Amino acid sequence: MKTILNGTQVAITVDRLCHQLIENHLDFSQTVLIGLQPRGIFLADRIYRTLKKLLPGVHINYGRLDITFYRDDFNKGTQLHVPNETAIDFSIENKKVVLMDDVLYTGRTTRSALDAMLDFGRPSAVELLVLIDRRFTRQLPIQADYTGRTIDAIISEKVKVLWKERDGKDEVIIE
């Protein structure tokens, strides 16, 4: 087991990602943030809270999207897929959408999210923000616009993102 990011590095990385979002979206009037269930919401919650501190008084639309029923493996195998809550109380019609997830691996989760979000409108643009990009494992032509850290991990290695809210500490490890 190897630590990729410790708690301090996670905090610095989240702060840097927020500043990059501010540079590209300014007042967020035409931008919405959407965290992907289940694991991407911990990053998304952190990004949203940090942006609210950095931009007091600025309204930022933030929601959570469950992609369970849009997965390409939903009816395959014996694994039971348990849906999570989708909480999007705004339209994404003609908005810039920033999808947020913890790890970009094969690209299949992002593809499912692109399908699922169309139920809430047709965005003018979609960007992807991830904490970790496993760049050599892509199965689909998907890339992140905002990346916390890019790592080279072989297929047999597992990247785990630990969050204080769920796991008691912030850390990214590779097993």
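Me: What makes the order S1-S8-S7 an open sheet, and in which sense are its strands paired?

Reply: In this predicted model, local features need pLDDT of at least 70 and side-chain atom pairs count only at pLDDT 80 or more, while totals for chains, interfaces and linings use all residues. Residues are numbered from 1 along each chain as its sequence is written, and side-chain values use heavy atoms, with hydrogens and water left out. The open sheet is formed by three strands in the order S1-S8-S7, with antiparallel pairing; strands (E, at least two residues) and helices (H or I, at least four) are DSSP runs, numbered from the N terminus. S1 and S7 stand at the edges, each with a single partner strand, so one side of each is left without a neighbour in the sheet.

Me: Why is the pair of Tyr48 and Tyr62 called stacked?

Reply: Rings of Phe, Tyr and Trp (its six-membered ring) pair if their centres lie within 6.5 Å, and planes under 30 degrees apart count as stacked, over 60 as edge-to-face and the rest as tilted. A search of the whole structure finds one aromatic pair. The centres of the Tyr48 and Tyr62 rings are 4.8 Å apart and their planes lie at 20°, so this pair is stacked. Tyr48 lies in helix H2 (residues 40-54) and Tyr62 in strand S3, so the pair ties together parts that are 14 residues apart in sequence.

Me: Why is Tyr62 counted as buried, and what is Tyr48 counted as?

Reply: Buried means under 20% relative accessible area, exposed over 50%, and partly exposed in between (1.4 Å probe, protein chains only). Tyr62 has 17% relative accessibility and therefore counts as buried, whereas Tyr48, at 23%, counts as partly exposed.

Me: What makes the link between the side chains of Thr68 and Asp66 a polar contact?

Reply: A polar contact is a pair of N or O atoms within 3.5 Å (within protein, one must be able to donate a hydrogen and the other to accept it, and residues adjacent in sequence count only if both atoms are side-chain atoms). The contact between the Thr68 and Asp66 side chains is 2.9 Å. Thr68 is placed in the loop between strand S3 (61-65) and strand S4 (96-104), and at 6% relative accessibility it counts as buried.

Methods:
Two strands pair if DSSP finds at least two bridges between them.
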